[in-house]
Amino acid sequence: KIPIAAIEDSAAMISGLKDNTPKSITVKKTADFSISGDGRAENWSLTNWEIIPQRDQGNIARVTKFKTLYSDKGMYFLFYCEDSILTASMEKDFMDLWTEDVVEVFLMPDERMPAYFEYEISPLNVELPILVSNHNNDLTRWMPFHYDADRKVVHATNINGGMKKNKAAVKSWTAEFFIPFKLLRPLNNIQPVSGKRWRANFYRLDYDANRMRWSWSLTEKNFHDYKNFGTLLFE
């Protein structure tokens, strides 16, 4: 039997193909906890899964969803990605991860300025953290220097139904990570409190059959269309 939750996830994902509604979620506060890669921490029970709609029509449908929480020190994210084959050959950080299987988070704490933080992580637990300046679609990217422990993203991934290697047959993979607020400097408004709002978006790319795309809030030209980002409301 197929679990009811899986059926509901698939229905929500497929309906999202035509979902142009601006997205908004409430981010609940948590005490800090350890990252495992599979979301086993009890803290994740504080919040619900949010479906990321698949934006490509075709014969392959894959469920993608995420959770997010925040603490006094930073933000926590958990992604679940239904999959069949891992396309992930890159084994070093700061590579062009978006050309293979990846999930992405874009955080824009101050929407008055065309700048935001972008974080990408592959199934192999390889990461890409960058700041992006986006003036009239002219993108300038900056990577962190002295990427030390108090600023470094804590991250882990887990593979279900297969091995953690390129071209492995799998059932799904998860990515769990913690982004310290300190890493978001010099962006403004990076220490949220109750009632604060950020703009944000959440994405996935997969290459099982050509290039498939998922986006939480629908963008027009590309993933950097920040005017169509969704909204995070901090509880």
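View 1. Because Glu 235 lies in the segment after S13 and Lys 28 in strand S1, the pair ties together parts that are 207 residues apart in sequence.

**View 2. Strand S1 and its partners.** Strands are DSSP runs (E, at least two residues), numbered from the N terminus, and two of them pair if DSSP finds at least two bridges between them. S1 (residues 24-29) pairs with S13 (residues 230-234) in the parallel sense over 4 bridges; Val 27 has Phe 234 as its bridge partner. S1 also runs parallel to S3 (residues 64-70), joined by 2 bridges, with Lys 28 opposite Leu 69.

**View 3. Salt bridge of Arg 199 with Glu 111.** The closest N and O atoms of this pair are 3.1 Å apart. Arg 199 belongs to strand S11 (residues 197-206), and Glu 111 to the loop between S5 (102-108) and S6 (115-121), 88 residues apart. Arg 199 is buried, at 15% relative accessible area.

**Notes.** Residues are numbered from 1 along each chain as its sequence is written, and side-chain values use heavy atoms, leaving out hydrogens and water. In this predicted model, local features need pLDDT of at least 70 and side-chain atom pairs count only at pLDDT 80 or more, whereas totals for chains, interfaces and linings use all residues.

Notes:
Salt bridge = Lys/Arg side-chain N within 4 Å of Asp/Glu carboxyl O. Buried < 20%, exposed > 50% of the residue type's maximum accessible area, 1.4 Å probe, protein only.
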